[in-house]
Amino acid sequence: WLSALESTKWLQHLSVMLKAAVLVSSAIDREGRPVLVHCSDGWDRTPQIVALAKILLDPYYRTMEGFQVLVESDWLDFGHKFGDRCGHQEKVEDQNEQCPVFLQWLDAVHQLLKQFPCLFEFNEAFLVKLVQHTYSCLYGTFLGNSPCER
């Protein structure tokens, strides 16, 4: 099981994501420098890193209300392609578009939560419920590839 996990490079992705968020937050908070974050296409790594940095920098985003605002602004309104990435689209043109980007981000938040539980207003159960509803299609929140499609 451990070698199967290692072959996915999941933990390496989490490590790189967390290191990048720490670098961004450190540049802003300690050095007072502006930061521009943009991955190759802007859809996946950008919201992961920026949203993690916001959690590190501002305690508001560690509250229930703040976390909801963060997901809405940096994922939903930003236009994350939930339909393609989660495989919710009826006509999937490219199977390679499926990727657990949002799930990776939630796992990174979970890692922070496990290390600093007293700094968060929510708990692991909240994150698990969010993962379940991301893939359940029970609500329209995580369907489609844009706010317009939702």
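C39 lies in the loop between α2 (10-29) and α3, where helices (H or I, at least four residues) and strands (E, at least two) are DSSP runs numbered from the N terminus. This is a predicted model, in which local features need pLDDT of at least 70 and side-chain atom pairs count only at pLDDT 80 or more, while totals for chains, interfaces and linings use all residues. Residues are numbered from 1 along each chain as its sequence is written, and side-chain values use heavy atoms, with hydrogens and water left out.

The UniProt annotation "active site", from an unreviewed entry, covers C39; UniProt positions are given in the numbering used here, feature names are shortened, and annotations may be inferred rather than shown by experiment. C39 counts as buried because its relative accessibility is 15%, given that buried means under 20% relative accessible area, exposed over 50%, and partly exposed in between (1.4 Å probe, protein chains only). Leaving aside its neighbours within four places in sequence, C39 is in contact with D44, R45 and T46, contact being heavy atoms within 4.5 Å.

The buried residues of α4 are G66, F67, L70, V71, D74, W75 and L76, and what covers them includes α3 (45-57), α5 (82-86), α6 (101-115) and α7 (124-136).

Rings of Phe, Tyr and Trp (its six-membered ring) pair if their centres lie within 6.5 Å, and planes under 30 degrees apart count as stacked, over 60 as edge-to-face and the rest as tilted. By this rule the count comes to twelve aromatic pairs. One of them is F67 with F126, which is edge-to-face at 5.9 Å centre to centre and 70° between the planes. This pair links distant parts of the chain, with F67 in helix α4 and F126 in helix α7, 59 residues apart. F67 counts as buried at 1% relative accessibility, whereas F126, with a relative accessible area of 25%, is partly exposed.

The rings of F102 and F142 form a tilted pair, because their centres are 5.5 Å apart and their planes stand at 35°. F102 lies in helix α6 and F142 in the segment after α7, so the pair ties together parts that are 40 residues apart in sequence. Both F102 and F142 are buried.
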